[in-house]
Amino acid sequence: MRHQRTLVLSMSTALGLALAGLGAIPATAATAAAPASSSSASSAAYAPHGSTYAGSAKQAADNKAFYDAVMKSVAKKRAAHPLAASVTVSYSTDNAPSFRSEIAQAAQIWNSSVQNVRLQESSGGADFSYYEGSDPQGSYASTDGHGNGYIFLDYDQNQEYYSVRVVAHETGHVLGLPDHYSGPCSELMSGGGPGPSCTNPYPDSQERARVNQLWQYGLASAFKPAA
C-alpha cells in the first residue's frame with residue numbers, strides 16, 4: 001500500500017466507535033471515483049504490490065505535511081470548542097461501503113490506544129473520506145495541500161494483506177506517524193514491510209506514545225490565544 005495524507009478536523013469531546021465485524025470485500029462493488037490529486041499533492045507509499053519498499057525523504061516530508069495540515073485545521077477551529085479534552089477527526093465511509101467494518105475496527109483500535117485524539121464517523125461535513133476501488137499502486141492516503149484529504153483502499157491489496165491493518169496503518173498517517181517499513185510486524189507503521197503474513201492491526205507502545213505527544217502539542221497550540 002502506498003500512503004499519502006491530509007485532512008481537516010473538527011474539535012469536540014472524545015467519542016469512541018463500536019467495534020464491528022470484519023466484512024467481505026466484493027470484487028465488483030460500485031463506488032465513486034476518488035478525487036484527483038493535484039500536482040502539489042503530498043504522497044508516500046505503503047508497499048506496492050509484491051515489492052520491497054524502503055521509502056524516501058520526500059515521503060517522510062509528505063507525512064509531516066499531512067500532519068501539519070491537520071494541525072492548521074485544529075488551530076482554525078480552536079475557538080469553537082475551547083474546553084475540549086481531545087481533538088475529534090471526522091471521516092466518511094460513504095464511498096467505501098465494502099470497508100465500513102474494517103474502517104470501524106481501525107478507528108476503534110486507535111480510539112482505544114490514544115487519549116488526545118479521536119476518530120469519529122460523520123454523516124456530513126467529514127474532515128476526510130475513505131474511497132474504494134482498484135489501483136495498481138495499492139492503497140494510499142492523499143492530500144492536495146489545501147485541506148482536502150482521502151484514503152483510498154485497493155481491493156487486491158486488501159485481500160493480499162490483512163485489511164484492518166491496511167486501514168489502521170493508513171489512518172496512522174492522519175495522526176502524524178511516518179512509515180517505517182524496516183520495522184517488525186509489531187509496529188503498525190511498518191506497513192507491508194513484514195509481508196502479507198503480518199496481521200497485527202495495533203500500534204505499539206512507541207507509536208501510541210508518539211501520537212499522544214503530537215496531539216497534546218497540537219491541542220496546546222490550538223488553544224493558545226492569538227497574539
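Helices (H or I, at least four residues) and strands (E, at least two) are DSSP runs, numbered from the N terminus. With that in hand, here's a quick tour of a predicted model, where local features need pLDDT of at least 70, side-chain atom pairs count only at pLDDT 80 or more, and totals for chains, interfaces and linings use all residues. Residues are numbered from 1 along each chain as its sequence is written, and side-chain values use heavy atoms, leaving out hydrogens and water.

**The whole chain**

- You'll find five helices and six strands in the chain, and from the N terminus on they run β-α-β-α-β-β-β-β-α-α-α.
- Of the 227 residues in the chain, 54% are buried (buried means under 20% relative accessible area, exposed over 50%, partly exposed in between, with a 1.4 Å probe and protein chains only).
- Take the contacts (heavy atoms within 4.5 Å) in the chain with a separation of 6 or more: 76% of them come from residues 24 or more positions apart.
- The chain's accessible surface is about 9,700 Å², and 55% of that belongs to carbon and sulfur atoms (areas come from the Shrake-Rupley method with a 1.4 Å probe; for residues, only the protein chains shown count as cover).

- Asparagine 158 sits in helix α3, which covers residues 155–160.
- Asparagine 158 counts as buried because its relative accessibility is 4%.
- The side chains of asparagine 158 and serine 139 are joined by a polar contact of 3.2 Å (a pair of N or O atoms within 3.5 Å; within protein, one must be able to donate a hydrogen and the other to accept it, and residues adjacent in sequence count only if both atoms are side-chain atoms).
- Helix α4 (residues 163–174) has twelve residues and spans 17 Å from its first C-alpha to its last, close to the expected 16 Å (1.5 Å times one less than the number of residues).
- How many of α4's residues are buried? Twelve of its twelve are, including Arg165, Glu170 and His173.
- After α4 comes glycine 176, with a positive phi near 105°.

**Strands β4 and β6**

- β4 and β6 pair in the parallel sense over six bridges (strands pair if DSSP finds at least two bridges between them).
- Glutamate 132 stands opposite leucine 153 in β6.
- In a regular strand the side chains alternate between the two faces of the sheet.
- Both faces of β6 are covered, with Gly149, Ile151 and Leu153 buried on one side and Tyr150, Phe152 and Asp154 buried on the other.

**Aromatic rings**

- Rings of Phe, Tyr and Trp (its six-membered ring) pair if their centres lie within 6.5 Å; planes under 30 degrees apart count as stacked, over 60 as edge-to-face and the rest as tilted. By this rule there are seven aromatic pairs.
- Tyrosine 91 and phenylalanine 128 have ring centres 6.1 Å apart and planes at 45°, so this pair is tilted.
- Tyrosine 91 is in strand β2 (residues 87–95) and phenylalanine 128 in strand β4 (residues 128–133), so the pair ties together parts 37 residues apart in sequence.
- Tyrosine 91 and tyrosine 130 have ring centres 5.5 Å apart and planes at 90°, so they're edge-to-face.
- Tyrosine 130 lies in β4 and tyrosine 91 in β2, so that pair links parts 39 residues apart in sequence.
- Relative accessibility is 1% for tyrosine 91, so it counts as buried; tyrosine 130, at 2%, counts as buried too.
- One aromatic cluster is made of Tyr131, Tyr140, Tyr150 and Phe152.
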